[in-house]
Amino acid sequence: MSAAAPRSSGADERFRFADEASRPAVASQPWRILLVDDEPEVHKITRLALEGFTHDGRGSELLSAYSAREGAELMRTTADVALVLLDVVMESDDAGLKLARTIRTELHNHQTRIVLRTGQPGMAPERDIVTNYDVDDYKLKTELTVPKLYSTVVASLRGFKEVKRIERVVEERTATIVEMNKTLTTIN
């Protein structure tokens, strides 16, 4: 479609049309995706599945950790990790769950999307996990085909991007309010 769809006036102006939303952003840093899993084969397969992955005009950088402890250290030292693909059972039956809690509560990171991946669903029942942990998705390793992994990663990156956008808006509005308060204080 070469002609742009006409825009209606009023409240509809805040919505973007599909052709506008699908335009890639200016290429910048790659999306940082952290894979935390104690199985080297899972790292190898995930790297192959995401080889050449791009979204919104950006490539991807896949970081690897083989334990929850390594994952926590990478989260502490690496900026802008957009997504964590996190195994539940590693050095302990709940190592991944503990890492998810660490990311949210100790590191105060609510931007990074967390997708739990498990090969042992009986150890971490999905309903309990999504109710009691601040994670964005729960997948069985056996159900994550290449197309489903791709869809999961894209949806997670969209969520990360939206959280970052909302935080920027809040910061801008907060700065505006602070400036207005300074002005009012000076006037008074």
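Me: Is Phe160 buried or exposed?
Reply: Phe160 is buried, with a relative accessible area of 5%. Buried means under 20% relative accessible area, exposed over 50%, and partly exposed in between (1.4 Å probe, protein chains only). This is a predicted model, where local features need pLDDT of at least 70 and side-chain atom pairs count only at pLDDT 80 or more. Side-chain values use heavy atoms, without hydrogens and water.

Me: How many aromatic pairs does the structure hold?
Reply: A pair of aromatic rings is described by the distance of the centres and the angle of the planes. Rings of Phe, Tyr and Trp (its six-membered ring) pair if their centres lie within 6.5 Å; planes under 30 degrees apart count as stacked, over 60 as edge-to-face and the rest as tilted. The structure holds two such pairs. Trp31 and Phe160 form an edge-to-face pair, 6.4 Å centre to centre with 80 degrees between the planes. This pair links distant parts of the chain, 129 residues apart: Trp31 is in strand 1 (residues 31–36) and Phe160 in helix 6 (residues 146–187). Helices (H or I, at least four residues) and strands (E, at least two) are DSSP runs, numbered from the N terminus. Trp31 is also buried, at 1% relative accessibility.

Me: Why is the pair of Phe53 and Tyr150 edge-to-face?
Reply: Their ring centres are 5.4 Å apart and their planes lie at 70 degrees, so the pair counts as edge-to-face. Phe53 sits in the loop between helix 2 (40–50) and strand 2 (60–65), and Tyr150 in helix 6, 97 residues apart. Phe53 is buried at 6%, whereas Tyr150 is partly exposed at 44%.

Methods: Residues are numbered from 1 along each chain as its sequence is written.
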